[in-house]
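Have a look at the model below before reading on.

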Amino acid sequence: LSRKMKANLLNNYLPAALAAVAWILGGFGGVYCKFVAFAASGPSGQGALDFNFGIWYYQGWETASNPVQGDFVLETCVNYPNGTSVDSKWMAARAFVIIGLVTGGVTTFWSMFARCFYPTKPQFKCGAMLLLFTCLCQGLTLLALTSSGLCTDNKILGTISSSSSRISLPDTCSMAAGAKCTIASTVFWFAAALAALRAEPMERDPITTQTHDVTYTKTLGADGTEVVSENVVRGEPIPIR
């Protein structure tokens, strides 16, 4: 492959690769139950424990047992109880998670198979606009960090705090793995959009037509037999599109 073709291949597949990473990170950040965290500490600051909450689920614990390991505790993601107060910022973050995953998923799927149907430069620009829109939605998911119901006045955390006087909890939340993945996803969406803007359409192999001039010559041999010879003159290929 020539250097130009290699550059075109890189430019065409780079948006898809970046978008795929962004979509995976965005899905993890938006759906996982560790978007924000509250670092609880016991008496004298000992025995620190993180309480994690996500946009759709929160972290819980379940006990399990088997004959080999005995009893042990498992972390699990649990649905929020019915009647949980979801404020406007929390609700907006949920909406942006859905919009980002759907729009980003469709655009990522398109960019992954773009090489198959040779998109034009304007189509690449349209894809870049969709990626920028997804980037915006992904970034607005961080509204959850300013939600009173999730961060500053978490009712579930208040129930835990009131049931035990031996732990102390912070007044507000901090970013957990989900929020950090959301920030990384926003950066990758933006990078994918820039790569799509820079992408140059792959050159399609031309479809050509070609004519042949065929001449037949009949000669009479010394023994009286007829010999037919064929002469083919190939014309130049003519591109039709």
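Does Lys 155 count as buried or exposed? Lys 155 has 55% relative accessibility, so it counts as exposed; here buried means under 20% relative accessible area, exposed over 50%, and partly exposed in between (1.4 Å probe, protein chains only).

Some ground rules. This is a predicted model, in which local features need pLDDT of at least 70 and side-chain atom pairs count only at pLDDT 80 or more, while totals for chains, interfaces and linings use all residues. Numbering runs from 1 along each chain as its sequence is written, and side-chain values use heavy atoms, leaving out hydrogens and water.

Back to Lys 155: its side chain meets that of Asp 153 in a salt bridge, at 3.3 Å from N to O. The term asks for a side-chain nitrogen of Lys or Arg within 4 Å of a carboxyl oxygen of Asp or Glu. The structure holds 1 salt bridge.

Here are some accessibilities side by side:

| Residue | Relative accessibility | Class |
|---|---|---|
| Lys 155 | 55% | exposed |
| Asp 153 | 40% | partly exposed |
| Phe 117 | 37% | partly exposed |
| Gly 127 | 6% | buried |

Now the overall layout. The protein has 7 helices and 9 strands, taken as DSSP runs (helices H or I, at least four residues; strands E, at least two) and numbered from the N terminus. Of its 241 residues, 31% count as buried. As for contacts (heavy atoms within 4.5 Å), residues 24 or more positions apart account for 65% of those with a separation of 6 or more.

On to the inside. A nonpolar core is a set of buried Ala, Val, Leu, Ile, Met, Phe, Trp, Tyr and Cys residues joined through side-chain atoms within 4.5 Å. The largest one has 19 residues, and Val 36, Phe 53, Ile 55, Tyr 80 and Leu 150 touch the most other members. Two or more residues each come from β1 (36-40), β2 (49-53), α2 (88-112), α5 (148-152) and α6 (155-163). Not counting residues up to four places away in sequence, Tyr 80 touches, among others, Phe 53, Ile 55, Trp 90, Leu 150 and Ile 156. There is also a second, separate core of 11 residues, including Ala 19, Ala 22, Ala 128 and Trp 189.

Because 4 of its 5 residues are buried, β1 is largely enclosed by the rest of the structure. Strands pair if DSSP finds at least two bridges between them. β1 and β2 run antiparallel and are joined by 5 bridges, with Ala 39 partnered by Asp 50 in β2. β1 also runs antiparallel to β5 (residues 174-175), with 2 bridges; there, Ala 37 has Ser 174 as its bridge partner.

Gly 127 sits in helix α4 (residues 121-140). Leaving aside neighbours within four places in sequence, Gly 127 is in contact with Thr 107 and Trp 110. Gly 127 and Ala 196 are 69 residues apart in sequence, yet 6.9 Å apart in space, C-alpha to C-alpha.

The protein exposes about 14700 Å², of which carbon and sulfur atoms supply 62%; areas come from the Shrake-Rupley method with a 1.4 Å probe, and for residues only the protein chains shown count as cover. Phe 109, Met 112, Phe 113 and Phe 117 make a nonpolar surface patch of about 420 Å². Patches use residues with over 30% relative accessible area and no salt bridge, joining like charges within 9 Å and nonpolar side chains (Val, Leu, Ile, Met, Phe, Trp, Tyr) within 5 Å. Phe 117 belongs to helix α3 (residues 114-117).
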